[in-house]
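Take a moment with the sequence and the model below. Then read on with both in view.

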Amino acid sequence: MRYPIKLIARKGKVNKNGVTPVSLQYCHSADKRVVLSTGISIPFQYWNKKTGRISKDLPSEFGDVQILETTLTQKLRKAEDMVSYALKRRNICPMKFLKENFNRNDKWGLEQMSDEKKSLDVFCNIDDYSKNKEGSVKRCTINVINAMKAHLRLFEEYRKEPITFDSFDAQFYEDFVSYLTYEMPQVRRKELIKGLKANSVGKTIKHLKSFLRDRMRKKVIPFMDLGAFKVMEEEVDAIYLSWKELSAIYHLDLSKQPQLEKYRDLFVLGCLTGFRFSDYSDIKPEEVRDGMLYVNQTKTHSTVVVPLKKDAKKILIDKYNMRMPQVSNVNLNYHIKEVARLAGIDEQIKITHKRGNKITEEIKPKYAWVTSHTCRRSFCTNEYLDGTPTNLIMAISGHKTEKAFRRYIKADQVQKAHMIKKLWDGRPGL
């Protein structure tokens, strides 16, 4: 069936270069029509209005006639297919459908197109993706997805160009990573700081890839090659607390600052179990049986069984009767620094981070580097240095490979340093 679609060129539409654009016109009714650009322009005198074709006499500087005609024919067939598809669906407006989708890449299938802007809006799709995830992941993961969305919004404003699903190519990846690394402003900072650390950039790219793969898997969008979207990662030069330092925190007298006690207790419990914050901050009474913790880890969805240490029992059972205070990760990170400061953990520590090809250094007292994640790192490192078999520690920490585990704790260097020190202490001095 032929549809009222044709190629046109208007004499009065000559641009400053002396050429007239060739357009595609679809007449839905006598008074409703849509005109779309084909991206091809020629001098008007070389357009045959009667046949709707380009004259064979077109000068070569305006393009090869055969190639131009082939392109126009392909665009005409594409428009006919779109109108046919929309009319058969009945609930789709062919004019809107054609207008919204005509300029889409050829990889898009008709069933993936829509005449509703929101259905293929990147940010509306991220909201849908996040909502669908709510039942299967923790709130912290949803927060990371929302952060990825916020980063895309800021990048869209920065480059002053709308982000669509067709935007995601190798060049977009390079520009986005460059923006995240050097230009993106960090919020909630007293002074303006631009750029994220390598691991933060990597986390954004990781969740962007997961989102795009989800949309492809659900056939919302066509397949796209994400091979160029590399997730960068650097070894974190983070601190851990020794048993001596943890003991100082555990036995710290907080009678004058009782508001800090719950944060101290929760932090120490984390250091004694090796769990992630999402797990040790939400231990339930039914998860303790015969002096053992049976916890289904939030991130890996695997159940681990951990014997409760004596001091962990004192906190969890004797003091709080299996109902640990509910605090947010943000509040714990803020207050535990003050607890560590009061415990005298104040040696100067230098931490290096990579931003792009630049290495940045920060020097702060050790207490200023303490966070909820210090618990997990401290547990793993201290157990390793005490001689606990690596496979047993990994069963709790959730690391899949020993290589990842060793990189995580950086205990090899510490252990070797202790061995060297022991050798040197046994030798005579000068």
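This report goes through a sheet, some helix pairs and a handful of single residues.

This is a predicted model, where local features need pLDDT of at least 70, side-chain atom pairs count only at pLDDT 80 or more, and totals for chains, interfaces and linings use all residues. Residues are numbered from 1 along each chain as its sequence is written, and side-chain values use heavy atoms, with hydrogens and water left out.

## The sheet

Helices (H or I, at least four residues) and strands (E, at least two) are DSSP runs, numbered from the N terminus. Two strands pair if DSSP finds at least two bridges between them.

Three strands make an open sheet in the order S1-S2-S3, with antiparallel pairing. Which strands stand at the edges? Strand S1 (5-9) and strand S3 (33-42) do, each with a single partner strand, so one side of each has no neighbour in the sheet. On average, neighbouring strands of this sheet are turned by 25 degrees against each other, direction ignored.

Strand S2 (residues 20-27) and S3 run antiparallel and are joined by eight bridges. Cys-27 stands opposite Arg-33 in S3.

Two helices pack on this sheet. Contact here means heavy atoms within 4.5 Å. Axes are lines fitted to C-alpha atoms, for helices over the stretch in contact, and angles run from 0 to 180 degrees between N-to-C directions. Helix H1 (residues 65-89) touches S1, S2 and S3, and its direction makes about 140 degrees with that of S1. Helix H2 (residues 94-101) touches S2 and S3, and its direction makes about 30 degrees with that of S3.

## Two helix pairs

H1 and H2 also meet each other. Their axes come within 9 Å and cross at roughly 140 degrees. That makes H1 oblique to H2. The cut-offs are these: angles under 35 degrees count as roughly parallel, over 145 as roughly antiparallel, 65 to 115 as roughly perpendicular and the rest as oblique.

H1 passes H2 in a right-handed crossing. A crossing is right-handed if the near helix is turned clockwise from the far one by less than a right angle, and left-handed if anticlockwise. On the H1 side, the contact uses Ala-79, Met-82, Val-83, Tyr-85, Ala-86 and Leu-87; on the H2 side, Pro-94, Phe-97, Leu-98 and Asn-101. By class, the residues of this contact are nine nonpolar, one polar and no charged. Ala, Val, Leu, Ile, Met, Phe, Trp, Tyr, Cys and Pro count as nonpolar, Asp, Glu, Lys and Arg as charged, and the others, Gly among them, as polar.

Now turn to helix H7 (residues 243-250) and helix H8 (residues 261-273). Their axes come within 10 Å and cross at roughly 150 degrees. H7 and H8 are therefore roughly antiparallel to each other. H7 passes H8 in a left-handed crossing. H7 brings Trp-243, Leu-246, Ile-249 and Tyr-250 to the contact, and H8 brings Arg-264, Phe-267, Val-268, Cys-271 and Leu-272. This contact has eight nonpolar, no polar and one charged residues.

## Single residues

How accessible are some single residues? Buried means under 20% relative accessible area, exposed over 50%, and partly exposed in between (1.4 Å probe, protein chains only).

| Residue | Relative accessible area | Class |
|---|---|---|
| Asn-382 | 4% | buried |
| Thr-204 | 5% | buried |
| Val-144 | 22% | partly exposed |
| Asn-321 | 59% | exposed |
| Lys-160 | 75% | exposed |

Asn-382 sits in helix H12 (residues 373-385). Leaving aside its neighbours within four places in sequence, Asn-382 is in contact with Tyr-240, Leu-241, Ser-242, Trp-243 and Leu-246. Trp-243 and Leu-246 also belong to the H7 side of the contact with H8.

Thr-204 lies in helix H6 (residues 198-217). With neighbours within four places in sequence left aside, Thr-204 is in contact with Met-148, His-151, Phe-176 and Leu-180.

Val-144 is part of helix H4. Under the same exclusion of neighbours within four places, Val-144 is in contact with Lys-203 and His-207. From Val-144 to Ser-130 is 14 residues in sequence and 9.9 Å in space, C-alpha to C-alpha.

The last two residues sit in loops. Most residues other than glycine have a negative phi. Lys-160 has a positive phi, near 55 degrees, and is not a glycine. Lys-160 lies in the loop between helix H4 (139-159) and helix H5 (170-182). Asn-321 is not a glycine either, yet its phi is positive, about 50 degrees. Asn-321 lies in the loop between helix H10 (310-319) and helix H11 (329-342).
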